[in-house]
Amino acid sequence: MEAACTPLNLTLSDVAALARVQRPVVSMWRKRSAGSAQPFPAPTALEAGRELFDADQVGAWLEATGRGNNAEARNDAAAFAAPATRDQREIFNALTSLLALKVLTGRQLAPLGTDQLLDVGDECDPDDHLLYSELEALRDELPALASYADRLTDSSYSAPAAFEGLLADRFRTGLRELADTALTASALSLVAAAATALAATLDGRPVFVDPTAGGGDLLVAVVREHADAAPVSVLVTDDDGAAARLLRRRLAVHGADTGRVNTWSEDGLAISGPAVHVAQYPSPGNPTATAEEILAGIEDVVLQMDDAQRAVLIAPARVLSSPLTGPAGNLRGDLLRSGRVRAIIQLPPGLLKAKPRELQALWILGPSFAEVPIVDRWTMAADLSTRQLTQDVSQDLVSDVVASMGDRWTLRAHSFRFARLIPTRSLLASKGPLVPAAAPAATRARAGAESALRIDELLRSGNFGSTEAGLMVEPVGAPAATGTAKIEDLLRAGTLRYIKGNRIPEATATTPDGTRLLGPADLLNPHTAPRRYIDLLDFAAGNPSGRLTEPGDVVFCTSPRPAALVDMQGGSAVVFPARVLRIDAGDPGGLLPDVVAADINALPGADKSWRQWRLRRVPDAQRNQLDASLARLQHGQHLARERLKRLEELATLITDGVAGGSLTLTDPSTKLAEPQTKGIQ
């Protein structure tokens with residue numbers, strides 16, 4: 001006899017996701033349909049202050065009214081709902097176990113009773129490595145959950161998609177260890193592509209190994225990378241924790257060839273033959289791991305590796321690439337001395353969903369080249385912290401990673417896009433970051449001779465006025481290394497001062513006159529944004545500790561993208577989230593306001609870590625001349641913009657006057673001839 005379906009609940013946010021509309025739209029539907037012939041379904045329960053609605057009733061209402069943007073809402077309702085039962089974690093474990101059971105048996109589960117489900121589970125998992133305990137824990141509710149698992153699979157079109165849908169909801173359902181370690185799709189894709197590319201360089205069919213008690217995000221990404229190839233062979237830990245059991249269920253659902261091989265011995269990790277280790281630290285099995293615990297886990301991988309194995313490891317940059325002292329620093333130094341660390345890659349922010357500001361880094365492990373003396377060994381380093389992981393960036397980085405496995409002759413034959421080779425001894429001796437920061441985009445200038453020719457061409461053909469007259473440049477035979485510096489280093493040295501923006505309500509801004517306000521809109525559109533002002537007394541009353549800009553201050557923001565301008569007049573009120581960088585007049589350290597603003601405006605849109613921005617220094621002998629030349633050019637730009645405004649106004653007046661019938665255009669030559677003609681007559 002078929003089991004009765006367990007009730008399925010939806011929150012209003014779930015209804016919005018099901019109908020593919022914004023959340024406020026659902027509230028509007030409830031309000032407007034209240035007195036109609038088809039009112040929105042009434043809530044069936046209240047949980048933690050949230051109203052819950054029956055999924056079948058909501059699906060039927062959406063179908064009957066035609067509301068929303070999902071014609072299959074009634075059939076898809078189960079994929080957005082949750083069963084009305086007690087413990088979300090137990091439900092999650094049981095549902096993922098039932099989905100794994102569906103894949104392993106290839107049958108519908110709803111017709112089976114409790115005893116039959118447990119018997120089938122015992123047959124598929126006789127040693128209780130992945131699902132039997134989870135089924136046993138909810139034996140009284142198994143028939144209802146089995147029916148829901150079938151519906152969920154039908155709504156998601158496959159058991160793997162249903163499984164991944166449950167995992168995608170990890171933030172809402174309170175699966176903290178899975179939510180805290182969740183990586184973005186771009187990060188998973190990069191790790192999987194690097195692991196797959198490294199595997200292709202090994203002899204024979206390699207096995208992919210997760211040495212942590214992970215939730216499987218990385219291994220599943222690798223499995224998907226091989227979707228069109230033979231089943232992937234994977235090895236996982238023999239740990240019996242919840243995260244490790246979930247990983248084994250997940251791999252079973254995706255059809256990976258696990259074979260369930262013990263990967264742990266009494267002495268630690270033990271793998272032989274070609275293999276690629278793929279791991280994230282901290283892992284779901286130990287989400288609060290310290291720096292020492294992370295490095296100890298990496299050490300386990302390094303100690304058992306031979307030259308036929310590779311590893312792609314992702315962890316916080318504070319552990320893998322940032323300055324590190326104490327026992328953790330010593331342990332990291334030992335790992336670098338092993339020669340296995342072939343590449344260190346600093347990744348952009350935003351890759352860890354729960355902590356988008358925490359930078360992640362990659363370690364690529366490979367052959368140690370034991371025959372090379374330690375003083376001659378090298379490591380590849382790449383800084384992608386200011387880039388987005390677009391497809392071309394990821395592909396070129398993976399190419400660099402594969403090349404990093406080679407010897408010196410192989411490395412010399414490869415044209416690296418992002419990486420540079422650093423002597424390992426330099427990494428060991430360094431007290432700073434292991435990865436040198438990439439030069440900002442603005443520093444990649446043309447060659448001196450090419451720039452000089454182009455400037456001369458512009459001056460000769462541009463019909464410039466007196467403001468540009470007298471500009472002369474000549475290329476430098478041996479360009480001097482002017483260098484760059486991080487903002488945080490300049491702040492520490494006192495060369496720069498940082499001043500916070502003021503919190504000024506929009507309602508206090510007045511348009512006629514007063515103290516000018518500078519906010520993100522003014523930085524993003526400096527010539528078109530409408531000017532805003534505030535009465536100085538109102539500003540002082542609302543911001544007792546507020547400060548106005550001084551001439552030459554660089555006002556900048558980081559969102560929605562990095563932008564900056566130089567306030568040449570000063571006396572402006574900077575509106576948060578805009579902020580101020582002030583160059584020390586007594587010790588500018590080679591900084592020039594216009595150059596600082598240009599460097600910030602040239603940054604990629606995703607680069608929000610302003611303290612890590614690098615600014616160019618101008619040689620002291622050139623600072624005054626560059627400042628004066630830029631001032632003249634900016635004055636010329638101002639005159640050109642004013643002339644353009646007058647031309648636009650003239651065009652508008654003529655267009656409106658002639659088209660509106662209030663003006664008539666005449667031929668100037670005719671008007672000059674008319675008085676002469678009349679005089680002759």
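Because the model is predicted, local features are reported at pLDDT of at least 70 and side-chain atom pairs at pLDDT 80 or more, whereas totals for chains, interfaces and linings use all residues. Residues are numbered from 1 along each chain as its sequence is written, and side-chain values use heavy atoms, with hydrogens and water left out.

The secondary structure of the protein comprises 26 helices and 23 strands, where helices (H or I, at least four residues) and strands (E, at least two) are DSSP runs numbered from the N terminus. Of the 681 residues, 45% are buried; buried denotes under 20% relative accessible area, exposed over 50%, and partly exposed the range in between, computed with a 1.4 Å probe and protein chains only. The accessible surface comes to about 34,200 Å², and carbon and sulfur atoms account for 52% of that area, as given by the Shrake-Rupley method with a 1.4 Å probe, in which, for residues, only the protein chains shown count as cover. Among contacts (heavy atoms within 4.5 Å) between residues at least 6 apart in sequence, 73% join residues at least 24 apart.

Strand 10, which spans residues 309–316, has eight of its eight residues buried, so this strand is largely enclosed by the rest of the structure. Strand 10 runs parallel to strand 9, to which six bridges join it, and A275 has Q309 of strand 10 as its bridge partner. Pairing is assigned where DSSP finds at least two bridges between two strands.

An open sheet of three strands has the order 18-17-21 and mixed pairing. Strand 18 (532–534) and strand 21 stand at its edges with a single partner strand each, so one side of each is left without a neighbour in the sheet. Strand 17 (residues 515–518) pairs with strand 18 in the antiparallel sense over three bridges, and R516 stands opposite Y533 of strand 18.

The model contains 24 salt bridges, each defined by a side-chain nitrogen of Lys or Arg within 4 Å of a carboxyl oxygen of Asp or Glu. In one of them, the side chains of E134 and R249 meet at 3.2 Å, N to O; E134 lies in helix 7 (residues 132–137) and R249 in helix 13 (residues 242–253), so the pair ties together parts that are 115 residues apart in sequence. Both ends are buried, E134 with a relative accessible area of 11% and R249 with one of 0%. A further salt bridge, between D599 and R616, has an N to O distance of 2.6 Å and links helix 24 (residues 593–601) with strand 23 (residues 614–616) across 17 residues. Here D599 is buried at 2% relative accessible area, whereas R616 is partly exposed at 23%. Salt bridges that share partners join D128, E134, D240, R245 and R249 into one network.

Backbone geometry was also examined. Most residues other than glycine have a negative phi, and most peptide bonds are trans. Helix 1 has six of its eight residues buried, so it is largely enclosed by the rest of the structure, and just after this helix R20 takes a positive phi of about 60 degrees. R20 lies in the loop between helix 1 (12–19) and helix 2 (23–33) and is exposed at 53% relative accessibility. Y157 likewise has a positive phi, of about 80 degrees, and is exposed at 66% relative accessibility. Cis peptide bonds join Y281 to P282, with omega about -10 degrees, and F576 to P577, with omega about 15 degrees.

On the surface, L647, L650, I654, V658, L663 and L665 form a nonpolar patch with about 530 Å² of accessible area together. Patches are made of residues with over 30% relative accessible area and no salt bridge, like charges being joined within 9 Å and nonpolar side chains (Val, Leu, Ile, Met, Phe, Trp, Tyr) within 5 Å.
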